[in-house]
Amino acid sequence: MVSNPVHGLPFLPGTSFKDSTKTAFHRSQTLGYRNGYAIVRRPTVGIGGDRLQFNQLSQAELDELASKAPVLTYGQPKQAPPADFIPAHVAFDKKVLKFDAYFQEDVPMSTEEQYRIRQVNIYYYLEDDSMSVIEPVVENSGIPQGKLIKRQRLAKNDRGDHYHWKDLNRGINITIYGKTFRVVDCDQFTQVFLESQGIELNPPEKMALDPYTELRKQPLRKYVTPSDFDQLKQFLTFDKQVLRFYAIWDDTDSMYGECRTYIIHYYLMDDTVEIREVHERNDGRDPFPLLMNRQRMPKVLVENAKNFPQCVLEISDQEVLEWYTAKDFIVGKSLTILGRTFFIYDCDPFTRRYYKEKFGITDLPCIDVNKQEPPPVKQELPPYNGFGLVEDSAQNCFALIPKAPKKDVIKMLVNDNKVLRYLAALESPIPEDKDRRFVFSYFLATDMISIFEPPVRNSGIIGGKYLGRTKVVKPYSTVDNPIYYGPSDFFIGAVIEVFGHRFIILDTDEYVLKYMESNAAQYSPEALASVQKHVRKLEAPASESESKQTEKDPGVQELEALIDTVQKQLKDHSCKDNIREAFQIYDKEASGYVDRDMFFKICESLNVPVDDSLVKERQGLTLLPDWNAVV
């Protein structure tokens, strides 16, 4: 023991020395027994025998401290506020205790087993203290499994007490409805929960095994030499493994044939084939699910079995040389089954993996079998027969019950009661037709034309309606694409050919000029200029007549007297309209004037009552009478 009794010296080598008087370096004894009881003593000596310094109260001070009450000094302690109440269905929501258990079931009617061990899971729901017992489902066990006891509160005795989570532990037996369950283990959550509640869990036990199940796991004793092909092994290995192919049967070459889709299933467990029909909505077919039931399909028959009655008897291995196998179903190839040739165009992902692992085929294609729709057939209309309009006749080819062609309603509303009138002459080598005049009426609402011939007395030609309302086709347009006459085709000097007859436009009314000026974009500049020039030509003689009237020539006065006299005599005449038409015909220049001899000649031809004295008095008249003023 090295010590340094001189204070102030550094604790360094050479400045310290060892106290040779100290020989005991053990720790003091603090445990002892008195009257057979273990007591604890405070150590008074430290390591090396040095005296420990500590405060030791006297008995009087200890009694004084024992008599003091903290309440008198600090007052009554305040109670902590109570915790918020949380209902059980909220605090323990979705918290379930799980225990692994088993029970033993007697098997009296079997020689291979006397009892059976059935493993179950016991669930305890903390939110409402209910329990359920569920047995895991084992495939092909032949035992009704699943939920053995539905969720409910279970009684643990005859007094009506129910099981609580405090009653559950590992390594115990619980009886539920006469069955004794042995609890062997629990999950991690259950273990943590029970330990947190102060429950000491028993050690876990091993789950009991069913002796018959363990016996089945042992290899079977074989008394025969195994063959290369084991059907049982194939069944167990490929159970529920099915190859799925998508195929079509194209029968469009036959009458009323069509292309139909199918699904071919090949069951690997027994090499059987099934063909299912794919139905689409509203396809008009009965929803038969199968085209061919599941069966083995022969690929090559023996020579003598070609006439085998397959529809009556089943085909066996004696009649078949080769059966269809998985290697015969390849995507992109055709195969014939029961007289039908199916083309396989696709398969599912499992089939692709199987062919890759079994046959090493990795490039199975996905073929597009959707046929492109042929281009629509252009409907050819029969040749036009000449009756009615082309559009109206074509409706008989579009529907069994023809409908009237659609009209431009907006155009009809805008141009309602708008008619363009033209005066035309017939271009004909016949002399009698040279003086014939016709009135063309063009209806803007429907683009139709009507022709009217004013009747001329004693001309030998019956006037009236020459052509009813109809559309007139231009002479050089085709029957398939007819081009009709429009407003822009009518102007002074234009030639209009109507069903083989040629007409020349001579005159128009004032509304035509107004329409052409307001719609100048529809007309060519030459057409608009021809009408304006013609109107100015008609206005010139009218201005000259007005100037002559202002001069008050004696001849003018005599002419006005003659006109007044004739008007009085024609006042009650019945053929006034015919007189106007006759004057229009002989006024070829459309000036409104005729010479004197022609004037009286027209009056004589129409039996106009003109006195002889009036004719003789006016023989010396040199002015041209205005027939417009007379009529």
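Which residues are exposed on the other side of α10? The answer is given in point 4, after some notes on how the model was read.

1. Basis of the note. This is a predicted model, in which local features need pLDDT of at least 70 and side-chain atom pairs count only at pLDDT 80 or more, while totals for chains, interfaces and linings use all residues. Residues are numbered from 1 along each chain as its sequence is written, and side-chain values use heavy atoms, with hydrogens and water left out.

2. Overall make-up. The protein chain contains 16 helices and 24 strands, where helices (H or I, at least four residues) and strands (E, at least two) are DSSP runs numbered from the N terminus. Of its 631 residues, 29% are buried; buried here means under 20% relative accessible area, exposed means over 50%, and partly exposed lies in between, with a 1.4 Å probe and protein chains only. The accessible surface of the chain is about 45200 Å², and carbon and sulfur atoms account for 52% of that surface; accessible areas come from the Shrake-Rupley method with a 1.4 Å probe, and for residues only the protein chains shown count as cover. Among contacts (heavy atoms within 4.5 Å) between residues at least 6 apart in sequence, 47% join residues at least 24 apart.

3. Helix α4. In this helix, which spans residues 188–196, T190, F193 and L194 are buried. Seen down the axis of α4, the buried residues fall within an arc of 95 degrees, so they line one face of the helix; the arc is that of the directions from the helix axis to the C-beta atoms. These buried residues pack against β5 (96–106) and β10 (179–186), whereas the face of α4 turned away from its buried side carries the exposed residues Q188 and S196. After α4 comes G198, with a positive phi near 85 degrees.

4. Helix α10. Here, in residues 510–518, the buried residues are V512, L513, Y515 and M516. They cover an arc of only 165 degrees around the axis, which puts them on the same side of α10. As for the opening question, the exposed residues on the other side of α10 are E510, K514 and S518.

5. Q395 in helix α8. Q395 belongs to helix α8, residues 390–398, and is buried, with a relative accessible area of 18%. Leaving aside residues up to four places away in sequence, Q395 touches P402, K403 and P405. With P405, the separation is ten residues in sequence and 7.3 Å in space, taken from C-alpha to C-alpha.

6. Cysteines. The structure holds zero disulfides, a disulfide being a pair of cysteine sulfur atoms within 2.5 Å. C347 is in no disulfide, and the nearest cysteine sulfur to it, that of C366, is 8.4 Å away. C366 is likewise in no disulfide, with the sulfur of C347 as its nearest cysteine sulfur at 8.4 Å.

7. Aromatic rings. The count comes to 21 aromatic pairs; rings of Phe, Tyr and Trp (its six-membered ring) pair if their centres lie within 6.5 Å, and planes under 30 degrees apart count as stacked, over 60 as edge-to-face and the rest as tilted. One of these pairs is formed by Y354 and Y355, edge-to-face, at 6.1 Å centre to centre and with 80 degrees between the planes; both Y354 and Y355 are buried. Elsewhere, ring pairs link Y422, F438, F440, Y442, Y466, Y485, F490 and F503 into a cluster.

8. Charges over rings. R469 lies over the face of F443, 3.7 Å from the ring centre, and the charged end of K471 sits over the ring of Y484, 5.4 Å from its centre. The rule applied is that NZ of Lys or CZ of Arg is within 6 Å of the ring centre and within 35 degrees of the ring normal.

9. Most residues other than glycine have a negative phi. Y256, in the loop between β11 (242–250) and β12 (259–267), has a positive phi near 60 degrees, and at 77% relative accessibility Y256 counts as exposed. D447, in the loop between β20 (437–443) and β21 (448–453), also has a positive phi near 60 degrees, but at 21% relative accessibility D447 counts as partly exposed.
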